[in-house]
Amino acid sequence: MMGIAGLIYLAMTLFADYENVISSFKKFSWYLFPILLVLSFLNYISRFIKWEYYLRIIDVRIPLVDSFSIFMSGLVMSVTPGKMGELLKAYLVKQITNEPISKTAPIILVERITDFVSLVLIALLGAYVFEYGQTTVIGVGLFFVLIIIILSNKSLAIKILSLFEKISFLKPLTSKFHEMYDSSYKLLKPKPLVLMTLFSFVSWGFECLGYYIILVNFDIQIPMIFLWAAFSYSFATIIGAITLLPGGLGVTDGSLTYFIVDKKYPMDVAVASTFIIRAVTLWFAVFVGVVSVLLYQKRFGKITFSLSENENK
């Protein structure tokens, strides 16, 4: 994955002219870099609070330190399609508590749903103000609204689950599907749905603020620049995620670069700003995840996976 990312960034750098990109990096005030990392870490902390809230809804109790270790370890999977690799967290919960994966895995799904809904809300205002991408943003929003409606309608969801029961090779998994749905239904009730979507709105706001700081530092002057930064960052994140490419590699990066070039700023500035925001968000998350996994294994032993594991308590 790092190799693919390297090739993408190399191509962007060569296209922009290597020397000009290096020159742009030199113009950046690097004393701001720690501030950007803090903003990203605040995103992780707020998402951890959301994780804890969801665990309590489905009545899974884990010591706070262990829960924090599990959540941060999940960040190592940030470079996976839609971050669904964070299902690792459900496996680690099972290792510590013996709670079945089918009970806790829906948390990762609901995290992604509330993330997307909050990103759509951020992008929607900008899409109309800047008259760009309205159809895409609304389409993605409607897709997740449909998922929420289906999962929140118990009678409809049960009918869909009954269809799976008629498929012979899925029949043995029926009880797990029902347990997964039971957790999903609890997590998507109106109160947690609204509360955690607003919480996600704040979480993503930290990274949007970081991108705004980067753009201002590069002397990018656009009317309503904070709104534009929030829109372009959220829109690029959405586009990258729906492609199901790991971490949105290439698509998110290209979209961020395009938005700046489209405003008549030099390619080297666009590439440099994209490099920096992706370093302090995506790649910093992976770094934090790697460190957390190492610390987790030091406390609980090596993480091993078994395809035939028994999920029963």
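Modeller: In what follows, Ala, Val, Leu, Ile, Met, Phe, Trp, Tyr, Cys and Pro count as nonpolar, Asp, Glu, Lys and Arg as charged, and the others, Gly among them, as polar. This is a predicted model, in which local features need pLDDT of at least 70 and side-chain atom pairs count only at pLDDT 80 or more, while totals for chains, interfaces and linings use all residues. Residues are numbered from 1 along each chain as its sequence is written, and side-chain values use heavy atoms, with hydrogens and water left out.

Colleague: How do the residues lining the second largest pocket divide into nonpolar, polar and charged?

Modeller: Twelve are nonpolar, one is polar and one is charged. A pocket here is an open set of points on a 1 Å grid over the protein atoms alone, where a 1.4 Å probe fits, with protein on both sides within 12 Å along at least five of seven lines; lining residues have an atom within 4 Å of a point. The 14 lining residues include F116, F143, F144, A241 and L244, which lie nearest the centre of this second largest pocket.

Colleague: What is the makeup of the lining of the largest pocket?

Modeller: That lining has 15 nonpolar residues, one polar and no charged. The space in the largest pocket is about 500 Å³, a volume being the space filled by probe spheres set on the points, which are joined across faces, edges and corners.

Colleague: Why is the pair D115 and K50 called a salt bridge?

Modeller: The term requires a side-chain nitrogen of Lys or Arg within 4 Å of a carboxyl oxygen of Asp or Glu. The closest N and O atoms of D115 and K50 are 3.2 Å apart, so the pair qualifies. D115 lies in helix 6 and K50 in helix 3, so the bridge ties together parts that are 65 residues apart in sequence. Helices are DSSP runs (H or I, at least four residues), numbered from the N terminus.

Colleague: What makes D66 buried or exposed?

Modeller: Buried means under 20% relative accessible area, exposed over 50%, and partly exposed in between (1.4 Å probe, protein chains only). D66 has a relative accessible area of 10%, so D66 is buried. Its salt-bridge partner is R299, with the closest N and O atoms 2.7 Å apart.

Colleague: How are K186 and D182 placed in helix 9?

Modeller: K186 and D182 are four residues apart in helix 9, so about one helical turn separates them. Their closest N and O atoms are 3.4 Å apart, so this pair also meets the salt-bridge limit.

Key. Helices (H or I, at least four residues) and strands (E, at least two) are DSSP runs, numbered from the N terminus.
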